[in-house]
Number of protein chains: 2
Amino acid sequence: MLIDEGLELLTEAQCWELLASSGVGRVGITIAGLPAILPVNYVQIDGDIVFRTSTGTKLHAATQRAVVAFEVDSYDPDAHEGWSVLLVGRSTNVSEETERADLEGQVSPAWADGNRTEFVRIKPEFISGRRIVAPEL
Amino acid sequence: MLIDEGLELLTEAQCWELLASSGVGRVGITIAGLPAILPVNYVQIDGDIVFRTSTGTKLHAATQRAVVAFEVDSYDPDAHEGWSVLLVGRSTNVSEETERADLEGQVSPAWADGNRTEFVRIKPEFISGRRIVAPEL
């Protein structure tokens, strides 16, 4: 078990398992030169992260062709335990019709109302994860 | 009630109230030119966000003097309801001794083990929040 500043480093396999266990993540993008973090509900498809968005939104614009961060975590505030997974990758708005039709069947609707007909696909280049290790008493 | 793409926009007062109701947030920083999102446990002090870190870590280096994003959210995966608050501000590592001593008493220890003797303080410049509005049936 590797320890990094009191945090247990997870293996890549553990990271993917944790990503599969959740459905809400956060995208780190740049909007007008400023950093932003926005939550999305996502699915994992063929090792990529996919979520819905709408044309005309800041999220859509910022993920056209960008390098973005994507984070998923889970915490127990009482036990002070938890984990987080971070991936960095290239995001694109899916434009190819066959791929769009394919994703339409696989990506569940966004929780929020609104006309979310577009898909953002993130191809991970790095993935890392950490678990909080309770301090030894 | 303002609606932005199926999301209810929160007032600044609502955002601060929600920030006060949680203790885990995520910092959006740049590490070696790449975006990253890292979870921290934080407190709100005089309208600033403060959390602990250690010298020598990437988080410490990336928050020395930077513009960072900070996000807090909460979701109910069954009801498909939730909210998120995003703020953008300047971060600094607190170096002034009186301020450090003051924070030592106010900022609870980090959940993770490790020698977290440094404080990062984010002074917000923008704050915004959204709540998921259930689609009308």
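**Reading the model**

Residues are numbered from 1 along each chain as its sequence is written, and chains are lettered from A, with ligands numbered from 1, in the order in which they are written. Because the model is predicted, local features need pLDDT of at least 70 and side-chain atom pairs count only at pLDDT 80 or more, while totals for chains, interfaces and linings use all residues; side-chain values use heavy atoms, leaving out hydrogens and water.

**Chain A at a glance**

Let us start with one chain. Chain A has three helices and eight strands. Helices (H or I, at least four residues) and strands (E, at least two) are DSSP runs, numbered from the N terminus. The C-alpha trace of chain A spans about 55 × 35 × 30 Å along its principal axes.

How many of the 137 residues of chain A count as buried? The share is 50%, where buried means under 20% relative accessible area, exposed means over 50%, and partly exposed lies in between (1.4 Å probe, protein chains only). Chain A exposes about 6,900 Å², and carbon and sulfur atoms supply 50% of that area. Accessible areas come from the Shrake-Rupley method with a 1.4 Å probe; for residues, only the protein chains shown count as cover.

Contacts (heavy atoms within 4.5 Å) also tell us about the fold. Among the contacts in chain A with a separation of 6 or more, 68% are between residues 24 or more positions apart.

**Two copies, one axis**

Chain B can be superposed on chain A by a rotation of 180° with 0.0 Å of shift along its axis, giving an RMSD of 0.0 Å. That is the relation of a two-fold axis. In chain B, B:Gly28 has the C-alpha nearest the axis, 3.2 Å from it. Both copies use the same surface, since 100% of the contact residues of chain B recur in chain A. The superposition is by least squares on the C-alpha atoms of residues with pLDDT of at least 70 in both copies.

A:Gly6 shows what contacts across the two chains look like. This residue sits in the loop between strand E1 (3–4) and strand E2 (7–9) of chain A, and at 10% relative accessibility A:Gly6 is buried. Leaving aside neighbours within four places in sequence, A:Gly6 is in contact with A:Arg131, A:Val133, B:Ala112, B:Asp113 and B:Gly114. The C-alpha atoms of A:Gly6 and A:Val133 are 6.1 Å apart, although 127 residues separate the two along the chain.

**Nonpolar residues, inside and out**

A nonpolar core is a set of buried Ala, Val, Leu, Ile, Met, Phe, Trp, Tyr and Cys residues joined through side-chain atoms within 4.5 Å. Which residues touch the most other members of the largest nonpolar core? Of its 54 residues, they are A:Leu19, A:Phe70, B:Leu19 and B:Phe70. Not counting residues up to four places away in sequence, B:Leu19 touches B:Tyr42, B:Gln44, B:Ile49, B:Phe70, B:Val72, B:Val85, B:Leu87 and B:Ile127.

On the surface, A:Leu34, B:Val67 and B:Phe126 form a nonpolar patch with about 240 Å² of accessible area together. Patches are made of residues with over 30% relative accessible area and no salt bridge, with like charges joined within 9 Å and nonpolar side chains (Val, Leu, Ile, Met, Phe, Trp, Tyr) within 5 Å. A:Leu34 belongs to strand E4 (residues 34–45) of chain A and is partly exposed, at 30% relative accessibility.

**Salt bridges**

Over all chains, the structure holds 22 salt bridges, each one a side-chain nitrogen of Lys or Arg within 4 Å of a carboxyl oxygen of Asp or Glu. Here are three of them.

| Pair | N to O distance |
|---|---|
| A:Glu97 and A:Arg100 | 3.7 Å |
| B:Arg52 and B:Glu104 | 3.0 Å |
| B:Arg90 and B:Glu125 | 3.1 Å |

A:Glu97 and A:Arg100 are about one helical turn apart, because they are three residues apart in helix H3 (residues 97–106) of chain A. A:Glu97 is exposed at 56% relative accessible area, whereas A:Arg100 is buried at 18%.

In the pair of B:Arg52 and B:Glu104, B:Arg52 lies in strand E5 (residues 48–53) and B:Glu104 in helix H3 (residues 97–106) of chain B, so the bridge ties together parts 52 residues apart in sequence. B:Arg52 is buried at 10% relative accessibility, and B:Glu104 is partly exposed at 44%.

Finally, A:Arg26, A:Glu71, A:Asp73, B:Arg26, B:Glu71 and B:Asp73 are linked in a network of salt bridges.
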